[in-house]
Every structure is written in structure tokens, then in C-alpha cells.
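Q: Could we go through this one together, starting with what the words mean and then moving on to the folds themselves?

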Amino acid sequence: MRPKGRPQGRERDRALADLASRQHGVVSIRQLERRLGFSHQAVNRAVAAGRLHRVHRGVYAVGHYDLSRHGEALAAVLAVGPRTLLSYRSAGWLWGIWRGSPKPFEVTAIVPRHHPPPSGVVRHRARNLVDDDRAMVDGIPVTSVARTQFDLAWKLRGDRMSRLLARTEELGL
């Protein structure tokens, strides 16, 4: 007997499409299993049928391989685990205050996972993230503007940090 409230069949496929459309085309295995009721075998069948495409361990693109930068960024966050945030230069890019590339995607996690981060992802560990350090931009969990500036302050030389602060002010952030 399936748990009450989980979609089944075509309803589940629609729920998957709706979730993927809100998440830049990517979903995690946790979302597939816990929220949508996919079994491990159902995920394998969807991969074999070409409906799901592995991006990282436990993260899939739905229906296609061609992810936007936002999709790639969210895939990096989902791959590292719950309560992970896009951070450092990647967060600056998402906020629009860093004009460089967001790659490699940098993420910050409270508790590190036991497996290494996926290729193209740099994982930072934070012991002191509070709710005010968390934000959501375009459906992507990200460090707040203030936390992003704090994280970048020790990485950027004075002139680059000055430009970042000026851009933050220009955007009204």
C-alpha cells in the first residue's frame, strides 16, 4: 500500500514535471523518493528510459541534459546535501554582484558529507551559519548578501572587493 498523499502514475509524472520546472530542471533523489514516492527501481527505470539524466550523485536533470547556469548551480547545492547554500563567488554571481564566472560552483554546508563533493563543486564547511545568513534567489538556496560579502572579503584584493561593494550598492542590496 502506498503512503497517503504521494502521487502515483501520471499524477506522479506531472508532479515531477512541476517540481523540475520550479527547480531549473533538476531534482534530487531525496525529492524523488520522499516527496514523489519514486522507488529506487522507478528511478532506475526513468534513467533507462531517458526521462532522468544523472548530473551528480543523487541529482538528476529531468528530460534533458542542457541545464542553464541556474540549473547547474542548484544541482551543485542538491548534490552536497540538505541545508547547503550556494556561496562565495557563486553566490556573488547569483546575487549579481560578482561579474566573474560562478564556476567552479562553491557551496557551504553545515555538516560535511562523507563522500567528496562532485566534480566542479567546491565545498566549504561552516559552523556558524544562522538563519540571517540564508536566502533564496530564483529558487536556489544561497548565502545572504552580507554573508557573501563576508566570505569574499578575505578572498578578494581591495580593488575587487571595492567593486563588489559598489555593485551591491548599485543594485540596492
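A: Before anything else, a residue is called buried here when its relative accessible area is under 20%, and exposed when that area is over 50%. Please also keep in mind that this is a predicted model.

Q: OK, so which residues in helix 3 are buried?
A: In helix 3, which spans residues 40-48, the buried residues are Ala-42, Val-43 and Ala-46. They cover an arc of only 100° around the axis, which puts them on the same side of helix 3.

Q: Why would residues a few places apart point the same way?
A: An α-helix has 3.6 residues a turn, so residues three or four places apart point the same way.

Q: And what does the face turned away from the buried side of helix 3 carry?
A: That face carries the exposed residues His-40, Arg-45 and Ala-48.

Q: What covers the buried residues of helix 3?
A: The cover includes helix 1 (9-22) and helix 2 (29-35), together with strand 2 and strand 3. Just after helix 3, Gly-50 takes a positive phi of about 85°.

Q: Switching to the sheet, in what order do the strands come?
A: The order is 1-3-2 in an open sheet of 3 strands, and the pairing is antiparallel. Strand 1 and strand 2 stand at the edges with a single partner strand each, so one side of each is left without a neighbour in the sheet. From one strand to the next, the twist averages 40°.

Q: How many bridges join strand 1 to strand 3?
A: Strand 1, residues 26-28, is joined to strand 3 by 3 bridges; among the bridge partners, Val-27 goes with Tyr-60 and Ser-28 goes with Val-59.

Q: And over how many bridges do strand 2 and strand 3 pair?
A: Strand 2, residues 52-56, pairs with strand 3 over 4 bridges, in the antiparallel sense, and Leu-52 has Val-62 as its bridge partner in strand 3. These two strands form a hairpin with 2 residues between them, and in the turn Gly-58 has a positive phi of about 80°.

Q: Last one: which strands does helix 4 lie across?
A: Helix 4, residues 69-80, lies across strand 1, strand 2 and strand 3, and it runs at about 5° to strand 1.

Note on methods. Residues are numbered from 1 along each chain as its sequence is written. This is a predicted model: local features need pLDDT of at least 70, side-chain atom pairs count only at pLDDT 80 or more; totals for chains, interfaces and linings use all residues. Side-chain values use heavy atoms; hydrogens and water are left out. Two strands pair if DSSP finds at least two bridges between them. Axes are lines fitted to C-alpha atoms, for helices over the stretch in contact, and angles run from 0 to 180 degrees between N-to-C directions. Contact means heavy atoms within 4.5 Å. Buried means under 20% relative accessible area, exposed over 50%, partly exposed in between (1.4 Å probe, protein chains only). The arc is that of the directions from the helix axis to the C-beta atoms.
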